[in-house]
Amino acid sequence: MTDQQTLPPAEPTAPGAAPAPPTVIVDDLHVTYRVHGAGGGKVDRGGGATAALARILTRRRATGARTVHAVRGVGFTAHRGEAIGLIGSNGSGKSTLLRAIAGLLPPASGHVYTAGRPSLLGVNAALMNDLTGERNVILGCLAMGMTPEQVREKYDGILEFSGINDKGDFGSLPMRTYSSGMSARLRFAIAAARSHDVLMVDEALATGDAAFRKRSEARIRELREKAGTVFLVSHSNKSIRDTCDRVLWLERGELVMDGPTDEVVTAYQEFNDKEK
């Protein structure tokens with residue numbers, strides 16, 4: 001099989017007695033997808049009706065497709081209690097890897113084994129734009145499996161953590177009126193309201209002010225202490241250093257380096273300096 005599979009439950013490990021049990025095992029994972037309409041030649045980009053018709057006809061003829069190999073033979077094991085950063089250039093496969101771990105993308109080959117249900121929090125995570133932030137808090141918590149009693153208990157704390165009401169009563173306004181930063185902060189606050197076996201955060205800490213980033217980093221440390229595993233994708237090396245104790249470095253879909261945060265981030269910075 002090449003689809004996502006579930007690890008059997010592991011017995012709790014006494015501190016210092018043995019390595020923590022694995023939460024995610026990625027074994028020689030390859031992820032590919034096809035991009036359609038990649039063909040076509042030069043088209044007149046003028047503004048006339050003839051040029052517009054030519055562009056429409058060209059798009060219809062551009063039926064060619066190519067295969068993108070987004071993740072290439074990646075393998076690693078994540079353990080309970082770890083916070084793991086994912087770094088790499090744009091298009092290196094970081095977000096694709098998270099989506100495959102979450103079961104949202106099928107592997108072309110290889111395996112993903114997980115303990116429990118991974119939760120992927122991305123800046124583009126779906127909330128309902130026509131509903132208020134307050135209503136999205138309730139629905140988001142219920143969708144994560146929380147009971148109505150738990151939602152009521154967490155509700156005020158989620159709104160306070162997100163900071164969306166710091167400059168007005170935005171919680172009572174539709175999500176479509178929010179900035180991208182406000183939306184991302186609310187998504188993170190909802191997802192962080194409960195403990196997860198595996199929580200994956202895609203760029204959420206890159207939004208918001210320093211105070212929110214500090215709250216987010218503290219919350220990730222709390223999640224780790226409750227025996228969860230956290231994956232963080234970020235282009236901020238400072239957030240990675242402050243939050244993670246292990247880093248995976250991807251380039252062109254391949255795992256370049258896997259190790260302690262300082263070692264991997266330093267190597268990545270040196271690599272970027274040479275590329276400039």
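User: What covers the buried residues of helix 8?

Analyst: The model is a predicted one. In it, the cover over the buried residues of helix 8 includes strand 4 (83-87), helix 7 (237-243), strand 9 (246-251) and strand 10 (254-260).

User: Which residues of helix 8 are buried, and what makes them line one face?

Analyst: Thr261, Val264, Val265 and Tyr268 are the buried residues in helix 8. Viewed down the helix axis, they fall within an arc of 95°, so they line one face of the helix. In general, an α-helix has 3.6 residues a turn, so residues three or four places apart point the same way. On the face of helix 8 turned away from the buried side are the exposed residues Asp262, Glu263, Asp273 and Lys274.

User: How do you know that the span of helix 8 agrees with its number of residues?

Analyst: Helix 8 (residues 261-275) has 15 residues, which at 1.5 Å a residue should span 21 Å. Its end C-alpha atoms are 21 Å apart, so the two values agree.

User: Why is Asn136 called buried?

Analyst: Buried means under 20% relative accessible area. Asn136 has 2% relative accessibility, so Asn136 counts as buried. This residue lies in helix 3 (residues 133-143).

User: Which residues is Asn136 in contact with, leaving aside neighbours within four places in sequence?

Analyst: Asn136 is in contact with Leu127, Met128, Leu131, Met175 and Ile190.

User: How many helices and strands are there in the protein, and what percentage of its residues is buried?

Analyst: The protein has 8 helices and 10 strands, and 42% of its 276 residues are buried.

How values were computed:
Residues are numbered from 1 along each chain as its sequence is written. This is a predicted model: local features need pLDDT of at least 70, side-chain atom pairs count only at pLDDT 80 or more; totals for chains, interfaces and linings use all residues. Side-chain values use heavy atoms; hydrogens and water are left out. Helices (H or I, at least four residues) and strands (E, at least two) are DSSP runs, numbered from the N terminus. Buried means under 20% relative accessible area, exposed over 50%, partly exposed in between (1.4 Å probe, protein chains only). Contact means heavy atoms within 4.5 Å. The expected span of a helix is 1.5 Å times one less than its number of residues. The arc is that of the directions from the helix axis to the C-beta atoms.
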